[in-house]
Amino acid sequence: MNLVKTVVGYPYIGDNRQWKRVVESFWKDAISEEEFRQQMHDLRIAYLKRQQALGVDLLTVGDFTLYDRILDLSVMFGLVPARYHTQGNQPSLDTYYAMARGAKDVVACEMTKWFNTNYHYIVPEYEEDALSFQHNYLLEYFEEAKNELGVITKPTLIGPYTFLTLTKGYSKQQRAAYILALIPLYARVINELTAAGATWIQLEEPALTKTLADDEVKLVEEIYQQLAAETTGAQLLIETYFEALTAYDRLIKLPVAGIGLDFVHGKKENMEAIRKFGFPTEKLIAIGCVNGRDIWSANLAQVTSDVKTVLALSGVENAWIQSSCSLQHVPVTTASEQKIAVVLKEALSFADEKIQEIIQIADHLVTTDEGAKQTVSHSTNAIEALAADASRQNQKVKQLIEAVTEQQFSRETSYENRQIAQQEALQLPDFPTTTIGSFPQSADVKKMRAQWRKKEITDEQYADFVKKETARWIHIQEEIGLDVFVHGEFERTDMVEYFGEKLTGFAFTDKAWVVSYGSRCVKPPIIYGDVEWTEAMTVKEIVNAQSLTNKYVKGMLTGPVTILNWSFVRDDIPRELVANQIALALRQEIAALEEAGIVVIQVDEPALREGLPLRQENKDDYLNWAVRAFKLATSSVLPTTQIHTHMCYCEFNDFIGPIRALDADVISLETSRSHGELIDSLQENHYELGIGLGVYDIHSPRIPKIEEITAILTDSLQVIDRKQFWVNPDCGLKTRQQYETVEALKNMVAATQKLRQQV
Ligand code: GLN
Ligand code: ZN
């Protein structure tokens with residue numbers, strides 16, 4: 001038996017975010033293009049050497065990027081929309097970054113979520129006749145590894161079917177032409193790599209794990225037959241991940257030399273399929289057995305036994321032992337972590353540790369060596385130690401969860417009656433105006449927080465500063481004439497971290513960064529223990545803000561599902577249970593706010609949609625428990641207390657059902673990008689609760705004119721009843737300047753006043 005140790009891909013940011021610094025220095029003109037290219041090259045080589053030292057047999061190239069791997073492909077295939085053709089249509093590095101980030105006179109390409117991850121890619125845009133072969137960067141990466149390390153690497157790229165389904169801007173009629181033009185380009189990349197000596201080429205096809213209709217399966221077959229016809233001598237491996245391969249019995253026969261399957265997220269289904277249909281023994285199987293999506297140590301005994309089963313069932317001679325997907329979704333190494341508890345650190349595994357696990361699993365399969373046995377028991381011990389840790393044995397949380405009753409998941413009073421009660425109690429004007437929560441995090445705010453973190457100023461000094469900033473913005477809101485105020489969130493850097501630091505069960509790392517998009521990295525908290533509310537988290541700040549004005553100030557919380565979806569989450573209990581623990585903690589916070597006299601409380605859920613499973617058949621179950629967690633958090637309040645929520649970063653048109661199910665008295669939605677469609681969809685679904693459609697785009701520094709806002713308001717009024725109509729911007733204002741914020745909001749209020757006079 002021949003077992004090759006490899007990964008689908010390795011993180012490109014570096015253990016100290018070196019990559020981010022190189023990219024950003026280039027953007028700031030601190031280094032020349034030549035220096036930039038040299039430093040990027042050095043990083044690529046360093047990462048390969050690092051993996052080699054860890055024991056990877058088959059190294060991968062093409063998992064590296066200068067911004068985004070999908071954008072790399074778009075540019076290589078000439079899919080550079082005409083609006084970026086500043087220097088002819090030979091895409092330069094400036095063109096590449098203009099597509100990614102926008103430039104002086106041109107907006108960036110659209111960016112969207114990569115399947116069910118928190119990574120965002122640049123959406124390829126089809127334009128007729130645009131397709132043309134540009135620079136083959138994969139060949140460059142392949143050659144440099146061959147020349148400098150003397151190794152034959154495995155080039156990887158997103159496969160043609162996935163690339164096609166991610167592209168926007170082509171009609172049904174244009175699709176055939178697109179495919180016809182695209183396949184020869186793929187064939188050319190592959191042929192050039194094969195000619196240069198590549199033995200294996202990996203085509204990543206995560207789209208093959210989504211629900212596929214029969215004609216889609218057919219299309220995949222046609223694409224690969226065509227690709228096989230146009231390539232010579234190449235060994236292609238189709239790599240699937242995030243779920244089991246869909247339509248296994250047909251797609252397993254695609255004319256390629258190897259298939260990679262995810263035996264973590266698609267374990268049960270892939271196993272069943274192999275049992276039922278076998279595996280074509282002439283093909284190579286790549287066994288994705290170490291989780292590339294979480295940060296937990298693998299249970300080596302369990303995984304080794306799974307791999308044995310797969311090998312026995314498939315009956316193949318050659319296999320790759322690898323991560324379930326690219327390791328770009330996890331941080332680089334736990335070795336950088338200094339401050340987390342030992343019992344937690346021992347049970348963690350980031351990219352480098354996951355590679356070690358892959359090596360251990362492969363070794364364990366071929367030897368009966370004592371050393372191999374020891375590593376297996378070490379992993380079991382670490383997992384057991386964490387399981388026994390007090391953080392996971394919180395009896396109080398257990399009791400609270402057990403005591404939850406079905407009534408606690410819904411408000412006592414129907415929306416119809418709540419609306420009447422709230423109107424009577426709150427006496428808000430028609431078309432109430434409000435904002436989403438945060439006000440500008442100015443240089444001053446950031447400086448003071450940094451000083452406070454470094455203990456250069458005292459807790460008191462910092463709290464004082466935050467108080468002053470809040471008071472200043474309460475005053476500004478009075479002057480603008482808004483109806484429902486916010487405190488501004490000056491005490492928060494991040495809407496998850498702020499709460500995580502105050503609840504039990506959360507850990508924060510030093511350097512566990514992952515890329516969210518481009519050079520933007522996030523450091524998700526780790527939810528490793530039971531989540532308990534121990535003290536009020538927001539009451540002091542909100543009550544202080546409320547004491548400064550006669551207008552209502554909204555309590556401001558992050559919802560349970562968003563906290564869950566933006567964290568790394570323990571894997572020993574169901575996510576649903578973790579969500580409910582967080583929900584109960586928030587429920588206590590909401591009770592504390594209500595007790596302190598706060599009557600409007602907003603619970604943000606911008607990431608509700610992010611946890612949506614890829615497969616149609618799993619979506620309802622997720623939505624059901626996600627919505628229930630939100631309701632568990634928010635349903636205890638009096639009928640007169642008004643619950644708000646906010647959502648952004650996603651498509652809402654097919655999401656009105658779940659939004660309605662939240663039963664929030666008022667929702668504010670980000671809409672500036674697809675306003676018309678959303679309005680249609682609200683009408684079709686008879687949405688009757690309070691709703692504020694973002695009337696301007698907060699992502700742009702541009703100040704919207706009164707007439708523009710009026711047009712949007714008048715338009716929305718066609719379908720939204722005045723009794724449910726709220727007026728607000730698209731999202732929080734923390735990234736804007738004070739001047740832009742104030743001017744834009746003044747125009748929003750002026751447009752609203754005009755509307756009040758007209759109707
Ligand atoms: N209340 C948060 C804010 O205004 C909401 C942020 C978000 O939607 N992502 O910043
Ligand atoms: Zn938002």
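Predicted model: local features only at pLDDT ≥ 70, side-chain atom pairs only at ≥ 80, totals over all residues.
Residues are numbered from 1 along each chain as its sequence is written, while chains are lettered from A and ligands numbered from 1 in the order in which they are written. Local features need pLDDT of at least 70 and side-chain atom pairs count only at pLDDT 80 or more, whereas totals for chains, interfaces and linings use all residues.

Helix α3 spans residues 69–76. Helices (H or I, at least four residues) and strands (E, at least two) are DSSP runs, numbered from the N terminus. Eight of the eight residues of α3 are buried. A residue is buried if 20 or more other C-beta atoms, placed from the backbone, lie within 10 Å of its own. Among the buried residues of α3 are Arg69, Asp72 and Met76. Their cover includes helices α4 (93–101), α5 (137–149) and α6 (160–166), together with strands β4 (120–122) and β5 (154–158). Gly78 follows α3 and has a positive phi, near 80°.

Two helix pairs were examined next. Helices α11 (residues 300–314) and α13 (residues 351–366) pack at about 60°, with axes 10 Å apart. Axes are lines fitted to C-alpha atoms, for helices over the stretch in contact, and angles run from 0 to 180 degrees between N-to-C directions. The angle makes α11 oblique to α13. Angles under 35 degrees count as roughly parallel, over 145 as roughly antiparallel, 65 to 115 as roughly perpendicular and the rest as oblique. Leu300, Val303, Thr304, Val307 and Lys308 of α11 make the contact with Glu357, Gln360, Ile361, His364 and Leu365 of α13. Contact requires C-beta atoms, placed from the backbone, within 7 Å.

The axes of helices α15 (residues 395–402) and α22 (residues 575–595) come within 10 Å and cross at roughly 90°. Helix α15 is therefore roughly perpendicular to α22. Val397, Leu400 and Ile401 of α15 meet Asn580, Gln581 and Leu584 of α22.

Met448 lies in helix α17 (residues 443–453). Met448 is buried because 20 other C-beta atoms lie within 10 Å. Beyond its neighbours within four places in sequence, Met448 contacts Ile457, Tyr462 and Phe465. The C-alpha atoms of Met448 and Val61 are 43 Å apart, and the two residues are 387 residues apart along the chain.

Ligand 1 has 13 residues around it, of which Ile436, Gly437, Ser438, Pro606 and Gly732 come nearest. A residue is near a molecule if its C-beta atom, placed from the backbone, lies within 6 Å of it.

Notes: Buried ≥ 20, exposed ≤ 12 C-beta atoms within 10 Å, placed from the backbone. Contact = placed C-beta atoms within 7 Å.
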